[in-house]
Amino acid sequence: MTLADTAGLDGYAARIEALARELGLEFAPVEFELVPDSFMAEIAIYGLPVRMRHWSFGVRYIHQLVHQKMGNSHMFEVMFPGDPCHAYMAEHNSVAENTLVTAHVLGHADFASRNALFLRFGAMAGQRILEQSAARAQRLEMALQRHGQEQVEAVLDAALALEQHVDIHAELHRPPYSVPSVPSVPSAPASLASKQERTAVDDPFAQRYRRLPGEAAALAARAAARARVTQHPLLPPQPEYDLLWFLAQHGPELADWERDIFLAVREESFYFYPVYACQIMNEGWASYWHARLLREADFLPPALYLAAIKSHSDVVRPYAGEHQQALAVNPYHLGFCMWEHIIEREGLARARQICRDDDDCSFVRNYLDGELADRLGLFVHESRRDGETRLASRDLQAIREAILAPKYNYGAPCIAVTLLNDDGSLVLRHDHQRDGRGLDLERAEQVLAYIARIWRRPVTLHTADFRGTPRVLRSKSEGIPEPPAPAASSTTSATPTAPPVQH
């Protein structure tokens, strides 16, 4: 874009923002910035303008470049909700494209200001997005200088491998497990009985039952077990699905800087979650509003309006390239069509209530009806190992669940810490029945090796393969390094970031 183009865009942007407020959109101030294509790609890959360095982001960057060269990806903007919101637009975009981007970003900002999930996670973290992520990256650079790339990268390998394994129903800043108080030891013979047993000690049937062979020893064993649990509570007290939090809190040999990295990655996962959980709603809402704002912006030149609407059609099309059907749902297309359907039938006020209260799961289950599914030509397909793909179902419930299946549990398998043994070894269990799938065992073993390397104790995972056959994976003892020598470390309270919205 030339300087004249930039000046023209600034004028359009101010008038579009005023029009948005007239139509009832609510949002924090939005700061727009034009950036080079290479910087735009980096933001999209790293998820933040400045983020902790790791080799995996380089791999993603190469994949992104390949997709762009093949014409399968076009990044118009990356937007960060907050106060203020930050939006980055690519310099290669035309004035028409960046006019559409301006309206689209305002739709995202309105959604983030209304949706309960965005508001909850934003309240836990604060709103100073870019400054906080830059401070976190600086702390990592200090750790790299002090402890070397190998040690720091080993911690990041484990933390980023588990970045989706957080408990999004818990608070970001959660307290440690509560330790039960140790009761006084009751006098005999009640020392061998529970409270319920003591109330029935005079019952004739209970007395006869206790005199049965072996019962006295069993009662004594149960009492001893209760005493052990009271004095040395089991960890965790219930299955713990927030793996990042547990490892940071209970890693036996973790230094402060290592715990800080785990907590930093956990915080980032919390802030990426609302965008992940509301992608269809959020992209559809922004697409609905950019189309409406462009339509009602009578101050736009006709040629610019037509070019912007052409870009809108490219964004919300149901399929890619020249193909006339798609085997994957475009969230922009589905969300845009669903919001138009809802507003046409129930009105804008009702749509704003849904925007406030729902996420993608409730949105699709409650508002993707049979009429709309038929009009959009939605179906469920099956892909065989030999490459054959066939239509499996047009049932509405099956369509809804097929759309939502990848979103379940943040897209990660349901794995919990179930036991921290006295020797420091760790037991993980994969709830494959609840999950509805087994694991890729080769990848699972790699992740287990990452965990064992920083846990520095044996780690066991109970899971199932893709056939559902139970399997037990154990970390290799030779892959567990010796604990590092104590070193000065920088303890930090990692601060929050906000998730990007990218196209």
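Visitor: On what basis are the features read?

Guide: The model is predicted; local features need pLDDT of at least 70, side-chain atom pairs count only at pLDDT 80 or more, and totals for chains, interfaces and linings use all residues. Residues are numbered from 1 along each chain as its sequence is written, and side-chain values use heavy atoms, with hydrogens and water left out.

Visitor: How many cavities of 30 Å³ or more are there?

Guide: Rolling a probe the size of a water molecule over the atoms shows where empty space is left. A cavity is a set of points, on a 1 Å grid over the protein atoms alone, where a 1.4 Å probe fits but cannot get out. Here the count is one cavity of 30 Å³ or more. Ten residues line the largest cavity, with Arg139, Leu140, Trp257, Asp260 and Ile261 nearest its centre.

Visitor: At what distance and angle do the rings of Trp285 and Trp339 lie?

Guide: A pair of aromatic rings is described by the distance of the centres and the angle of the planes. Rings of Phe, Tyr and Trp (its six-membered ring) pair if their centres lie within 6.5 Å; planes under 30 degrees apart are stacked, over 60 edge-to-face, the rest tilted. The centres of Trp285 and Trp339 are 4.7 Å apart with planes at 70°, so this pair is edge-to-face. Trp339 also forms a tilted pair with Phe363, at 4.8 Å and 35°.

Visitor: Which residues form the aromatic cluster?

Guide: Trp285, Tyr288, Trp289, Trp339, Phe363 and Tyr367 form one cluster.

How values were computed. On a 1 Å grid over the protein atoms alone, a cavity is a set of points where a 1.4 Å probe fits but cannot get out, and a pocket is an open set with protein on both sides within 12 Å along at least five of seven lines; lining residues have an atom within 4 Å of a point. Grid points are joined across faces, edges and corners, and a volume is the space filled by probe spheres set on the points.
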